[in-house]
Structure formats: C-alpha cells, structure tokens
Amino acid sequence: MPTFKLTIAYDGSTYVGWQRQASGPSIQSVLEGACGELAGREVSVTAAGRTDAGVHALGQVAGVSIDRAIDGRTLTRALNWRLPATIRVLGAVEVPDGFHARFDARFKVYRYRIWNAEVCSPFERAYAWHIPSPNLDVETMAEAARLLEGLHDFAAFRGAGTATGGTERTVFSSRVAREPGSKLITYDVSGDGFLRYMVRNLVGSLVEVGRGRHAADWVRDVLVSGDRGRAGPTAPADGLFLMAVGYE
C-alpha cells in the first residue's frame, strides 16, 4: 500500500480547525472523506500539526496510505476534484512506509498578517488582524521579535489552560516587517516546534510593544518569567498561516 506525503493549502475561515471534531467540519474530516472515496474504504490522514479554528495554511503536510496503484500527480488531481475549493492538495509524493508527517518534521514556518490602517480592505478582513490605530512601531516590534530567537522556555506564551508538559522550543528566526508602501505588517517565525496558541500569543505581545505600552526588552522579561498572565493577549486566528513544514 503506497504512502504519500501531501502538501496542502486551505482557507480555515469556515472550519473548526484541522482535527476532527463533533462541533463542525474540519480540514482532516473533509480530506479523509475525499481520500476514502478514492480508496473505497475509510482512510486516516495524519498532519504535521493541528491548526486551530480559523487558521489558514499554505504549506500544511499530511501523510496518507492509499490502497490502490496511483502516482502522485494523479492522486493530486483526483483529490482536488473531490475537495471543496477551500482545500487544495498542492502536491503528492510517494514516501517510505515509515514516514510520519508529525514525528518526522524538523521545522515549521508560520506567518502572521496585521492590517494597520483605519479602514480594512474587504479582501483582507478574513486573512489579517485589523488594527486601525495607532500606527504600530514596527522597528521596536522587530527588535522585540529578535529577542525570541534561540532555545527558550516558552511557557509564558503557551495557551492558558492547555496541558502541562515540555515547553522548551528553539526559534530559528523571528522577524517583523512592514511591506513597503503598504499597511500590511507581517510576523514570520520558524522553529523546531510550537506550543498551542504560541504564535498568536507572541503576536499579541509584539503588538503591545508596537502600541508603545512596553519597551522591546519587556518581551524578554515575560519570556524569562514563564508567566502567561504577564504576556499580551492572544491574537485572532484570522491572520495566522502555516507556511511550510520542513523534513530531512
């Protein structure tokens, strides 16, 4: 039975997240339905990581075994024919049977988008956090973001009420920038793994710095404290994109 690594993009606006849930449609359930229809039986699809309700992806990765002779290009076309337009398989590559989308992943890349203007474009409303005023201090946000790079205990940026466990992660790159001539601010972060809500909590804290409520060094103080109560609010899901998952 061939195993495939799928690269997937999706608009998470109308889904309860990646994981199957009784409360509504998930990316996983819809994708498993398409795979099952193609295979003629129930199929399980495992992702590199779960995305929460409203979070989008441009480079999610999942593994699936299909009990039929098929190549990656044909599988891609067949799945996209069965999937809604909000979910697209960008590519399928056959991999060894032992491949595991989650445990074999070596790094992930996320992007968070902020629209910093009085009026939000209707084409940005579902894909960015609209912050109408004041103009955020991007340079200070960028300075604060760089303090998050390296191996740290990110307990202060873990989702409140989530399960306890190891909270050390290595952030390879943490950068804030404003696109030239645009109201769009982006936060790009890559690392060996992320806690639940971690990226959104980092963004919420960086925005507090951008509003002038704290100096850049405050982010490092929060990080060292390990206290979620000292960090900023959780940024909305709309602006978060899983950009890529890396493997050896």
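Trainee: So what volume does the largest pocket have?
Mentor: About 1,100 Å³. Bear in mind that this is a predicted model.
Trainee: Which residues are closest to the centre of that pocket?
Mentor: Gly49, Arg50, Arg102, Phe194 and Arg196, out of 40 residues that line the pocket.
Trainee: And which elements give two or more residues to the lining?
Mentor: Strand S2 (46-47), strand S5 (107-115) and helix H4 (198-210). H4 gives the most, with 3 residues.
Trainee: How does the lining split by class?
Mentor: You get 17 nonpolar, 14 polar and 9 charged residues in the lining of the largest pocket.
Trainee: OK, on to tyrosine 197. Where is tyrosine 197 found?
Mentor: In the loop between strand S9 (184-191) and H4.
Trainee: Why does tyrosine 197 count as partly exposed?
Mentor: Because its relative accessibility is 25%, and partly exposed runs between the under 20% of buried and the over 50% of exposed.
Trainee: Switching to helices: how do H1 and H2 cross?
Mentor: The axes of H1 (residues 27-39) and H2 (residues 72-82) cross at roughly 120° and come within 9 Å. The crossing is right-handed.
Trainee: Which residues make the contact?
Mentor: On H1, Ala34, Cys35, Glu37 and Leu38; on H2, Leu75, Ala78, Leu79 and Arg82.
Trainee: And by class, how many of each in that contact?
Mentor: The contact of H1 with H2 has 6 nonpolar residues and 2 charged ones, with no polar residues.

Note on methods
Residues numbered from 1 in each chain as written. Predicted model: local features only at pLDDT ≥ 70, side-chain atom pairs only at ≥ 80, totals over all residues. Heavy atoms only, no water. 1 Å grid on protein atoms, 1.4 Å probe; cavity = no way out; pocket = protein on both sides within 12 Å on 5 of 7 lines; lining within 4 Å. Points joined across faces, edges and corners; volume = space filled by probe spheres on them. Helix = DSSP H or I, 4+ residues; strand = E, 2+ residues; numbered from the N terminus. Nonpolar A, V, L, I, M, F, W, Y, C, P; charged D, E, K, R; others polar. Buried < 20%, exposed > 50% of the residue type's maximum accessible area, 1.4 Å probe, protein only. Axes fitted to C-alpha atoms, helices over the stretch in contact; angles between N-to-C directions. Left-handed = near helix turned anticlockwise from the far one by under 90°. Contact = heavy atoms within 4.5 Å.
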